[in-house]
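This report is for a reader who is meeting the structure for the first time. Please look over the sequence and the model before reading on.

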Amino acid sequence: MNNFVILPIIIPVIIGMVMIIFRKQIKLQRYLSLVAMAAVGIVTIYLMLQIKSEGIQTLHLGGWVAPFGVTMVVDMLAALLITTTSIVAFCCLLYAFRTIGKEREQFYFYPLFLFLITGVIGSFMTGDVFNLFVCFEVMLVASYVLISLGGTKIQLRESIKYILINILSSFLFLVAIAFLYAMTGTLNFAHLSLRVAEVGQGGLMTTVAILFLIVFSLKAGLFLFFWLPGAYSAPPTAISAIFAALLTKVGIYAIVRMFTLVFYHEPEVTHLFIGILAAITMILGAVGAVAFWDIKRILTYNVIVGVGFILAGVASFTTVGMTGALYYLIHDMIVKALIFLLGGTVIYLTGTSNLRDLSGLIRLHPQLGWMFFIAALSLSGIPPLSGFLGKLFISEGTFEAGYFWLGAIGLFTSLMVLYSIMKVFMNAFWGYTVIKEEEEQGTTAGLLLPIGILTALTIALGIGIQAIHAYVDLAVEVLMNPSIYIEAVLGLNPKP
Amino acid sequence: MKEPNDIIIRSVAKVAVVIIFTFAINLFISGHHYPGGGFIGGLAFASAVILLFLTFDIETVRKNIPLDFKVVAAIGVLIAVLTGVGSLLFDVPFLSQSFGYFNLPVFGKTELATAVLFDIGVALAVIGTALTIIMSIGDDR
C-alpha cells in the first residue's frame, strides 16, 4: 500500500472542482492549474524514485485487495509517462494563457483541461481493464468539450465526427471487455495475465485480443486514423497540442500494456498484425505529411507517422525494440507538443496556415525560427536530439525480430518526415520576408517561454539520455517479464 | 407569462414534491444497508425539482432556489474525493471507510459510518449534474 499512488489522479480532480466553484476568477484558475501540474510532476518523480528502490507501487482502493477491488498500479512505464504528461501539460497551459482567449477561459477551459489530464493519468495508472475504460471516458468527455469549446464552424463539424467515432470505439471497447470477462472471469490486468497464461491464448482469445487492438487503434490513430487529421486541426493551438501530445499516446499505452502483459502468447499473430498496421500507418501518414501544403495538416499527419513508428517497436517484441518504443514515446510526447505549439505560433502570427502564403519569418522571429529548426531535426531523429536513440533502438529491434521490411519502412518514412517538416521550415522561415512586423496578427511575447522549455527538454533528453537510461530499462524489464507486474499486484505465488 | 389552466397539476405537485423529497431522503438513508444510496437518492431528489420545473416555470423555481447547480455538482465531487483523502491522514488506503456505534440523544444507539459522507457527495454530484442537464436542454431560448 502506498497512498502516494493516488495523488497524481486526485490532485487535478480536486483543483478542477475548486475551479468550477470559482468560475469567474480567471487569474486564480491560471495559477491553480500550473500548481496542479507542478504538484503532479513532483509527486510522480518521488514515486519514480520509490519504484526504483522498492519496485512497482500499488494501491488497493479502500483496502479491497486485487483482483476483487480497484487497484492502482504505478510501474516505471506509467511513472515516466505521467511525468512527461505533467511537463507537457504545464507548457501547453503556459501557452494557453496568452492565446486561448477570455471566452474559453470563462467557460471552464482550465477545469476541463485538468479533467483531461486526470483521464490521461488515470489510464496510465489503472490496474484493471474496466477502469481503463472509465479513465478513457473521463479523458474523452473532457476532450469532446475542449474540441468543440468556442463553437466555430470547423470545430463543430469536426467534433461531430470525433464524438461519433469515439462513441463507436467505446461501444466496441465494452463489447471486448464483456467477451474477455465471459472467458476469463476477471478484469484485473495481473489476474488476466495469469488466467490467459493458464488456459492458453487459443483462437477465440486471440480474436478478443484483435478486437481490443481495433479499439485501441481507433483511439491511438493506428491505421484507423481517418478521423484524426480533421479533429486535431480544428481546436485552438494549445488544445490541439495537448491532444497531439497525449491522446494518441494513451491508446498506444493501452496497446503496449495489453500486448505485453496479457496477450503476449501469440506474437506471430497479434504482434505481426500490429507490425503490419504500423507499417501501413507510417506509409499513409508520411504520404499525407509530404502531400499537403497546410501547416496544420502536415503536423497532424506527422502525429500519425509517430504512432506507427512507436508501434513498430512494440511489434518487434524484443527488449531493444521495446526500449526504443519507450524512448520514442517519451520523445514523441514532448516533440509533438513542441511542433504543434511552433506551428500554431506561425499561424497565430501570420493568420494563415497555407505554406504558399508564408515566407521569411526568420528575419522577424529568429528565436522562433531556430527553435523550429531544432524541433524539426528532433522530430526526424537527427542525433544528438531526443528522437535519435528511440529511432535507433526501434530499427535495431525490428531487425532483430526479423521484420526487416518494418525497419526499412520506418527509416524511409523518417526521411519523408524530415522532408515534410523541412518544407514547412524553408517555406515559412526562409526566403524573402513578405510580411511586415506591423502587419502581424499578434506577438510572440510569452509564447516563447513554453516553446523554449520544450526545446530545451528535447535537447537535454538527447544529450543527457544517460540520466533516464536506468529508469527506462526498469520499465522495459517489467514489460518483458509480466511476472514482475503480477507479483507486485497479487503478491507471491498467486492463485490463477 | 400567460396564465395556463393548470390548477390540478399545481395542487398535486405541491403535495407530491414534499412526498418525493421525503422518499428521496429515505432512499438516501436506507442506502447503507438496503437498496438505495446517494445515487438514486440524488436522482429522486432531482426528479422532484424537475417536477417543480414542469409545474411552475424554470425562472420561478430558480428564483426560489438561487443555486448554480454546476457548483453543487462540483462541491459534491469535492466532498466525495475529500472523504477519500481523509483516509490518507490515518495512513490507510485511499477511500477506506469505517463505522462505529454511538449513543445519540434522540436516536439512541446509532451506527454512524464515514461512507455516508461519501454518499452525500455522490448525491450532490448527481443532483447538480441531472439538473444542469435538464436546465441546459430545457432552457433553450
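**Chain A**

The model is predicted. Chain A contains 21 helices and two strands. Its radius of gyration is 22 Å, close to the 23 Å that the globule rule gives for 496 residues, so chain A is as compact as a globular protein of that length. Taken along the principal axes, the box filled by the C-alpha atoms of chain A is roughly 70 × 55 × 40 Å. Of the 496 residues in chain A, 59% are buried. Among the contacts in chain A with a separation of 6 or more, 81% are between residues 24 or more positions apart.

**Where the chains touch**

**Chain B: annotated spans**

An unreviewed UniProt entry lists residues 8–131 of chain B under "domain: Na+/H+ antiporter MnhB subunit-related protein". In the model, residues 8–131 of chain B are 69% helix and 10% strand.

| Span | Helix | Strand | End C-alpha atoms apart |
|---|---|---|---|
| Residues 12–31 of chain B | 95% helix | 0% strand | 28 Å |
| Residues 71–92 of chain B | 86% helix | 0% strand | 30 Å |

**Chain B: the strand pair**

Chain B also has strands β1 (residues 99–104) and β2 (residues 108–113). In which sense do β1(B) and β2(B) pair, parallel or antiparallel? The pairing of β1(B) with β2(B) is antiparallel, over six bridges. In one of these pairings, B:Phe102 has B:Thr110 in β2(B) as its bridge partner. The link from β1(B) to β2(B) is a hairpin of three residues.

Strand β1 of chain B is hardly covered. Of the six residues in β1(B), the number that are buried is zero. In a regular strand, side chains alternate between the two faces of the sheet.

Conventions
Residues are numbered from 1 along each chain as its sequence is written. Chains are lettered from A and ligands numbered from 1 in the order in which they are written. This is a predicted model: local features need pLDDT of at least 70, side-chain atom pairs count only at pLDDT 80 or more; totals for chains, interfaces and linings use all residues. UniProt positions are given in the numbering used here, feature names are shortened, and annotations may be inferred rather than shown by experiment. Helices (H or I, at least four residues) and strands (E, at least two) are DSSP runs, numbered from the N terminus. The radius of gyration is taken over C-alpha atoms; the globule rule is 2.2 Å times the number of residues to the power 0.38. A residue is buried if 20 or more other C-beta atoms lie within 10 Å of its own, exposed if 12 or fewer, and partly exposed in between; C-beta atoms are placed from the backbone. Two residues are in contact if their C-beta atoms, placed from the backbone, lie within 7 Å. Two strands pair if DSSP finds at least two bridges between them.
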